[in-house]
Amino acid sequence: MAKNLKPKPVTAQQKWVYSFGHELCEGDASQKNLLGGKGANLAEMSRIGLPVPPGFILSTEVCTHFYQNSNSYPVAIELQVDSGLRQIEKEMGIQFGDIKKPLLLSVRSGARVSMPGMMDTILNIGLNDNTVKGLGDDRFAWDCYRRLIQMYGDVVMGVNRDHFEDLIDTYKRRNALKLDTEIDADGWKEIVTLFKTLVQRETGTPFPQDPHAQLWGAIGAVFNSWMTPRAITYRRINNIPEDWGTAVNVQTVVFGNKGDDCATGVAFTRNPSTGENKFYGEYLVNAQGEDVVAGIRTPLPLTEMQKQMPEVYKELDAIRHILEKHYKDMQDIEFTIQEKKLYMLQTRTGKRTAPAALRCAVEMVSEGLITREQAIQRINPASLDQLLHPAIDPAAAKNLLAKGLPASPGAATGAIVFDSDEAEKLAADGKKIILCRTETSPEDIHGMHAAEGILTSRGGMTSHAAVVARGMGKPCVAGASDIVIDYKAQTLQVKGQTLRPGDKVTLDGSTGEILLGEINMIQPAMTEHFLTLMQWADNARRLKVRANAETALDAETAKKFGAEGIGLCRTEHMFFDPTRILYVRQMILAETPEERRSALEKIEPYQRQDFIHLFKIMRGLPVTIRLLDPPLHEFLPHETSEIQALAKALALSADKVSQRIHHLHEANPMLGLRGARLGIIYPEIYEMQVRAIFEAALAIKKETGDTVRLEIMVPLIATKREMDILKEMIDRIASTMEKIDYLTGTMIELPRAALQAGIIAEAAEFFSFGTNDLTQTTYGISRDDAGAFLPDYQKQRIFTTDPFASIDVNGVGELIKVAAERGRKTRRDIKLGICGEHGGDPASIHFFEKVGLDYISCSPYRIPIARLAAAQAALANK
């Protein structure tokens, strides 16, 4: 538990334990924070009259007290637990610890959100050498007793669970048995003796015979399981706060393993894979709950229960409808049948695939269960990735090589390649390849475009590889630090295995998994339910959603997914095209403005045609074009062979090219000669681009009669004077041409620009917040290098989330808020947008809605996510 929490004052009257049952129910579904999800729902089912075995809940506040007070309990809790126990005994008519007809208890965890399998459960509390005789059937009784010793010995006393299984396996081999179900009463009795001996030997302590000691041991073990490594890891992955704590549920055990009129099962009120409104689940006759998930026997589908136990099935089906109507959502339920009597052990919101979630939401609106607004808020925007990209078949066998960061969703299989030129060549020959690089740079753009997926051993969620892959809609696993890529040896080494070019791997960009070989895929499909929900979302949202796009394919993809314009066209991406990179390099290596202009004249027709393509696709929609931003050295080669080839192509000496490259080298290029500085030092570059933009817009007007909604964006300014100089240049070029409407604005990427936004707005007609660089410059962290320490920072809770993936509201967010307020104060109609990767992050979008930005812009494949998140943000902000 977090050490900075102050212990909450305890009053004598404070309630720690809450009973649930038909005679007394002290909680309900609204108390999930206090009673945990499981406990709150058990209380709610009891409250609405469903058959729930009675029990009581030790609240999450007990867990908080437990960890704040050196693993000790509140003073009043023993009395409250005894009171809860007496209430169970009263309702059941049997006594805890009675040797003739003992009451047995289960002890389970129950955090406020489901953490399946992360914490501990113990069944059959109350059995000992005497009470076991009161259960009736000998085989059943001794089987129950061995289950208790096995679970208790493992969870409470710390005996390795494999030791217990080894004893069972040894007994079966010695007696020529194959299945646990073949072990008779004498066999289980012998195994119980072996188990008790094992516990004594491993711990130095005998298995406790006092039922009350068992109960308190189990309660303590469940509270302790909140801080096990697996629970800590699960919370970190799922952003669950440590200080929430867990409740503990103590409940009467009902038996599904007493005979053929008993059973246990799990069901969903609708199909969790498809969303079809059809009862879905399975059960086992004569079994306890753990047997269903253990895989020892094959469960039966619920349809069989209609034949075997028709009356019970009828009751269960009726409860299915009651629960859906009550909770207004698909439920995941657990049940036990003891001697033909049905008991409900749990209900919770059912996990489901994205297609199922969409179908459930849309059909529940049609059924009158929920409103359109509720349907919109019910879908996790990030889950829509399942609909937009291929995914690995859940049933497929996997051979995991390593794991990295899930940098761009989707899945892809291909032969590994280490060189971008080779990747492009092989792809042209029809081969499917995975580009493997230590890290990517703009020079790899052609190889990334040719690849099915991208794998890097360095970099984070907003590294070059991640950002470009998301824009292309290609899966990417970044920062796989267990992998060593050796370009010279042409090998990929991981955990003792060596892969070479041509070896096949599969990337899962949604989980970060790198798998050996080819894996079966499920292809994406946009269903009618998806289209319906997106239409509802569009009607509900205020924020406009644009795309980051610079190629015709990007623009067409974005428009297909519902983009309302282009919020960021990165012109530098156009320069890497093989047809023009030579002219770009010639321009960079030029020593005089005249030589530079000569090279730029060769590039200008390409630029003009690029913009014509974009304007045609985005007909009638706004297009924001960012003038050249990155430092020039990024366009130049670094390998000796490439430098020699460039020198030959330009009729220059290799030494001269090398000297020029050395001259352009910068110690910290991110903060060097780039952005607005580039346009001021080499104005002919921006002049060429601006001319090409205006000429393309005029060409569209002449060809189609359409007026282009043009926005020209100056990158990386720090002062108003920079903006004045470059706006004057843009206006001067416009004045030499036929009149055309356009806006001139800037990217706010530096803290100084954000703080000076009121002054800058005198010249800028729009701001677009470049949150990638604004985060870098606010934190003083390079996003490409952050992967080396960000996981440790998150583990130590210095950062709760990766600031490059989700906006830092208190730091970067405050700068955005200040800039928006100051910009609007100067220019009331200033247009405000965001074009960093945060534009596709649902949590960040909620912040942008609160600030009142006009639009968000993100990668084409994140457009549906952004549309839905913007709708949810608007509804939450009402």
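This section describes the overall make-up of a predicted model and then selected local features.

Residues are numbered from 1 along each chain as its sequence is written. Because the model is predicted, local features need pLDDT of at least 70 and side-chain atom pairs count only at pLDDT 80 or more, while totals for chains, interfaces and linings use all residues; side-chain values use heavy atoms, with hydrogens and water left out.

The chain contains 34 helices and 33 strands, taken as DSSP runs numbered from the N terminus (helices: H or I, at least four residues; strands: E, at least two). Along the principal axes, its C-alpha atoms fill a box of roughly 105 × 60 × 55 Å. Of the 878 residues, 56% count as buried (buried: under 20% relative accessible area; exposed: over 50%; partly exposed: in between; 1.4 Å probe, protein chains only). Among contacts in the chain with a separation of 6 or more, 68% are between residues 24 or more positions apart, a contact being heavy atoms within 4.5 Å.

An open sheet of five strands has the order 10-9-8-11-12 and antiparallel pairing. Strand 10 (300-301) and strand 12 (341-349) stand at its edges, each with a single partner strand, so one side of each has no neighbour in the sheet. Pairing requires at least two DSSP bridges between the strands. Strand 9 (residues 280-285) is joined to strand 10 by two bridges, and Tyr 283 has Leu 300 of strand 10 as its bridge partner. Helix 11 (residues 310-327) lies across strand 11 (331-338) and strand 12, at about 30° to strand 12 (axes fitted to C-alpha atoms, for helices over the stretch in contact; angles from 0 to 180 degrees between N-to-C directions).

Helix 32 (residues 812-826) has 15 residues and should span 21 Å at 1.5 Å a residue, which agrees with the 21 Å between its end C-alpha atoms. The expected span is 1.5 Å times one less than the number of residues. Its buried residues include Val 812, Leu 815, Ile 816 and Ala 819. An α-helix has 3.6 residues a turn, so residues three or four places apart point the same way. The buried residues of helix 32 pack against several elements, among them helix 30 (771-779), strand 32 (831-834) and helix 33 (842-851).

Leu 621 lies in the loop between helix 22 (593-617) and strand 28 (622-626). Its C-alpha atom is 4.8 Å from that of Gly 565, 56 residues apart along the chain. Neighbours within four places in sequence aside, Leu 621 is in contact with Lys 559, Ala 563, Glu 564, Gly 565 and Arg 709.

The disulfide count is zero, with a disulfide taken as a pair of cysteine sulfur atoms within 2.5 Å. The sulfur of Cys 476 has its closest cysteine sulfur, in Cys 436, at 11 Å, too far for a bond. For Cys 569, the closest cysteine sulfur is in Cys 835, also 11 Å away and too far for a bond. Cys 476 is buried at 0% relative accessibility, and Cys 569 is buried at 0%.

Most residues other than glycine have a negative phi. Ala 176, in the loop between helix 5 (161-174) and helix 6 (185-203), has a positive phi of about 55° and is exposed at 70% relative accessible area. Lys 495 lies in the loop between strand 21 (491-494) and strand 22 (497-499); its phi is near 50°, and the residue counts as exposed at 62% relative accessibility.
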